[in-house]
Amino acid sequence: MRPERGLPCEAEAEERVSRGAMAAGGLSRSERKAAERVRRLREEQQRERLRQVSRILRKAAAERSAEEGRLLAESADLVTELQGRSRRREGLKRRQEEVCDDPEELRGKVRELASAVRNAKYLVVYTGAGISTAASIPDYRGPNGVWTLLQKGRSVSAADLSEAEPTLTHMSITRLHEQKLVCTSCVPNREYVRVFDVTERTALHRHQTGRTCHKCGTQLRDTIVHFGERGTLGQPLNWEAATEAASRADTILCLGSSLKVLKKYPRLWCMTKPPSRRPKLYIVNLQWTPKDDWAALKLHGKCDDVMRLLMAELGLEIPAYSRWQDPIFSLATPLRAGEEGSHSRKSLCRSREEAPPGDRGGPLSSAPILGGWFGRGCTKRIKRKKVT
């Protein structure tokens, strides 16, 4: 029996399509429209079946009716697909959770880490945004991180770095470097240290700061890897020195990094070497990282807590921070005449009463550019609300 009006049944449409193709060597316009209607009908039926199965699976097994049980049995493929989706969602959710080791367990792990640091012939430290959260500077993928908030559709604002001070982790790394226990080598050939945030006008694949070199007149660039970049720039990031240090390392310590970006640089992990000759990896992070399975030891703890225990195990005193002794002020290159208005971010100063010369502290316009981690590199992650 054929329907009088509406969409054709599948068998009828397929028969008509076959007849048309055989008679004219192709499909007529009406036959193509009929085939398209059938295709859309199938897709809608599949979506509706998927919604039904999903609703049933959310119920407890004891609450399902006999008819619902039959529908699940008839839709085994959909059940498998939905269960796989659920497992993947749960896995991703667990990876985003912050986990803290028990205090005694953490102390035991720190003792093992201290032994590795003492015995290391060449220790390299990779740091992430997590080492600065104690200074109220947001990280990226933590519960209140920049990317996390953007994925939830929430807005983020630029952090005021002018009052931030180095954390205990920063000062601990400084002491380790002074004791020749750790190598730091990622330094550009020609660097201008500033006392303000130089990423105001930079963004994804756009590293120029708007200022020029005092000697050669070339455009100055920032020294960060923006979100979405793989860090292949030779200058000013100086990857050659960084990869040279990694190639010599027998121990790598990662602090406060999700390693989502660093994992993309095989040379930093000596992946060309046989596994037995690769450096031992130690990771300090509250969340899962893609290198956890490769690590000799994973410490779930805050960076400052771990470094406090580590320095005590090594018998090293953590130097206190003093703005009056901070080398950034002696290393900083002052702005030239005409460059005072090239930024609007508040500058660092040795004391609250001291105001650096040329520090205007006001926005350049009513809509200042939010660069750096708040530039184009992260705005593409914002969830757009659909307009209906």
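Modeller: What follows is a chat about a few helices and one lysine.

Modeller: First, the model is predicted, so local features need pLDDT of at least 70 and side-chain atom pairs count only at pLDDT 80 or more, while totals for chains, interfaces and linings use all residues. Residues are numbered from 1 along each chain as its sequence is written, and side-chain values use heavy atoms, with hydrogens and water left out.

Biologist: Why is H5 called oblique to H9?

Modeller: The axes of H5 (residues 103–119) and H9 (residues 303–314) cross at roughly 55° and come within 9 Å. Angles under 35 degrees count as roughly parallel, over 145 as roughly antiparallel, 65 to 115 as roughly perpendicular, and the rest as oblique. That is why H5 is oblique to H9.

Biologist: What makes H5 and H9 meet, residue by residue?

Modeller: Contact means heavy atoms within 4.5 Å. In H5, the residues that meet H9 include Leu 106, Val 110 and Val 117, and their partners in H9 include Val 306, Leu 309 and Leu 310. By class, the contact of H5 with H9 has nine nonpolar, no polar and four charged residues.

Biologist: Which hand does the crossing of H5 and H9 have?

Modeller: The crossing of H5 and H9 is right-handed. The rule is that the near helix is turned from the far one by less than a right angle, clockwise for right-handed and anticlockwise for left-handed. H7, on the other hand, passes H9 in a left-handed crossing.

Biologist: How do H7 and H9 pack?

Modeller: Their axes are 8 Å apart, at an angle of about 30°. Among the residues in touch are Leu 168 and Leu 176 of H7, with Met 307 and Met 311 among those of H9. This contact of H7 with H9 divides into six nonpolar, two polar and three charged residues.

Biologist: What covers the buried residues of H7?

Modeller: The cover includes strand S1 (123–127), strand S4 (251–255) and H9.

Biologist: Now the lysine. Why is Lys 298 called buried?

Modeller: Lys 298 has a relative accessible area of 11%. Buried means under 20%, exposed over 50%, and partly exposed in between, with a 1.4 Å probe and protein chains only. So Lys 298 counts as buried.

Biologist: Where is Lys 298, and what does its side chain reach?

Modeller: Lys 298 sits in strand S6 (residues 297–299). Its side chain reaches the backbone oxygen of Gln 287 at 3.0 Å. Leaving out residues up to four places away in sequence, Lys 298 touches Asp 101, Trp 288 and Asp 292, among others.

Definitions and conventions:
Axes fitted to C-alpha atoms, helices over the stretch in contact; angles between N-to-C directions. Helix = DSSP H or I, 4+ residues; strand = E, 2+ residues; numbered from the N terminus. Nonpolar A, V, L, I, M, F, W, Y, C, P; charged D, E, K, R; others polar. Polar contact = N/O pair within 3.5 Å; in protein donor to acceptor, adjacent residues only side chain to side chain.
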